[in-house]
Amino acid sequence: QTSLNSKLIKAGDTVHLQKESTFSITELKFIDGGSLSDGYITIRGDDYGSGTKPVLNVVGGLNGIYIQKGSYINLHNFIIDGNNRGIYSGVMVGGGEILGSISNIKITNLTIRNMGNSAGSYSNGIQVTASGGHTISNLLFEGNDISGYSAHGINHYADKYRGNLHINTTYRNNYIHNPSSKRYSTAAAGIQIGSGGSGNVFEYNTIEGPNPDGQIFIFDCADNEDDIVIRYNVLKDNSVGNGIWLHKHDDAVLGITYGTTIYGNLISGNYKSGLYAGGGDSLILTARVYNNIFYNNDHQTSYSETYDLGGEVYLHGYNRYNIYFKNNILYHIPYGSKNYDIGINDKYNPSNIFEHSNNLYWHDSGSNGVAVYDNYRKISYAVANIKSYESTAQNADPLFVDFTSLKPGQTSPAVNYGTTLASKLAQISLDGKDRNINSPWDIGAYEYSEAISPPICIESNWQPINSSCLPTNTLTRIWTKIGNCNQTFG
């Protein structure tokens, strides 16, 4: 066939798309799904014929595939080509025309490309939007290759005033790159997160390329979002924006504490700061930032406003923030006149809390480089005297084995100089090692060990894992099956 119609598909059916084939679709809609008893509705492109992935060619409609309602839907291993028509999304889940609750959806190993390349088109690779009081829960987006979007590679967004809407959604091992050359004017990120709910995890993704709002942009989260987890991602080479931007909009509910946990990430080579915390409001922004590596961010040589500081990490005083910052490596290469590992601007909110310990500060210009500049107190701390600012700090070259993996070597001052954290969230390193085997923990995303750690399972929010699985070679987004594992990722 040369066309595909979801109305012909029922619970338990599998559609096998022949490789090397192209099928035309006009917004392939799902208004029902499978069931636990009857099985998934599945569309797959990996087991029929030979050659390259089959292509779903979007010739009409507002989205490629639109899941308006239903559960137990599995989309796997084919291409969605938007033909640069400026459609909303390659895959839309929920959205403004949501018809009911949605759960148990698996979107894996898709290639989503050419969503929009015209000025003003708001086009996403994947969009998940709960609204109208409906709940979206237990979704998995894994191993997808997303490019050619004009707004966001992934847009995870909910109607923030209607309760727990996004529950247990996992975005894992996706590759987001090469956005459209014509970006949407006011919203453009690799991953945008604006959500209410719980159990939402963004892990092992690689995001690169120009995204003005950041490789990850977190904003306007609902008053009941208990925690957003961002872990083990590679966020790099953003030629126009930040690595991560923590931001809150003016229209959110005042006085509410929000939570974001950021750990085990590699954040490098971004034009603006590796982590920027700031926005235009008086909300309380709470974040735990543990065991990350910030390297060679903030390439700016001039700043648009005098109070802009920049740095590997830039904390802006507009927000009321509580930030807990531990076990991170900061390595800055100077570009312009403002060359900091951390820039703190509390001009507008001097009561902000920045609790920090056991971080490693280094500067490519050596020990005289500015590790921290506190604009409120007008005090700067060089690498050489950083211990007067943070008594548990390390201030020596982290001795990376190479500047791609950013993995410290055996003799690095990062090894065994971190603090052991009680939070279960950070107890596994980027390379899958149990940090508790050695004590104390290492600083940064890795854990050096001569001993062989037992395989570690990565928590899954949509399906329990009962075997021992270990991710390997994360930087190239390859997962493998080890030992007695009965589940393979990617």
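Accessible areas here come from the Shrake-Rupley method with a 1.4 Å probe. On that basis I noted that the protein chain exposes about 17800 Å². Carbon and sulfur atoms supply 47% of that area. I kept in mind that this is a predicted model.

**Whole chain.** I looked up the secondary structure and found zero helices and 36 strands. I then checked burial: of the 490 residues in the protein chain, 62% are buried. For contacts between residues at least 6 apart in sequence, I read that 78% join residues at least 24 apart.

**Ser123.** Where does Ser123 lie? I placed Ser123 in the loop between strand E9 (111-113) and strand E10 (124-130). Is Ser123 buried or exposed? Ser123 counts as buried, because its relative accessibility is 0% and the cut-off for buried is under 20%. Next I looked for a polar partner. A polar atom of the Ser123 side chain lies 2.6 Å from the backbone oxygen of Ile87. I also listed the contacts of Ser123, leaving out residues up to four places away in sequence. They include Gly86, Ile87 and Tyr88, then Met115 and Gly116, and also Tyr149, Ser150, Ala151 and His152.

**Cavity.** How many cavities of 30 Å³ or more are there? I counted one. The largest cavity holds about 40 Å³ of space. I noted its lining as Lys407, Pro408, Ala414, Val415, Asp442, Ile443, Tyr446, Glu447 and Tyr448. By class, that lining divides into six nonpolar, no polar and three charged residues.

Notes: Residues numbered from 1 in each chain as written. Predicted model: local features only at pLDDT ≥ 70, side-chain atom pairs only at ≥ 80, totals over all residues. Heavy atoms only, no water. Helix = DSSP H or I, 4+ residues; strand = E, 2+ residues; numbered from the N terminus. Buried < 20%, exposed > 50% of the residue type's maximum accessible area, 1.4 Å probe, protein only. Polar contact = N/O pair within 3.5 Å; in protein donor to acceptor, adjacent residues only side chain to side chain. Contact = heavy atoms within 4.5 Å. 1 Å grid on protein atoms, 1.4 Å probe; cavity = no way out; pocket = protein on both sides within 12 Å on 5 of 7 lines; lining within 4 Å. Points joined across faces, edges and corners; volume = space filled by probe spheres on them. Nonpolar A, V, L, I, M, F, W, Y, C, P; charged D, E, K, R; others polar.
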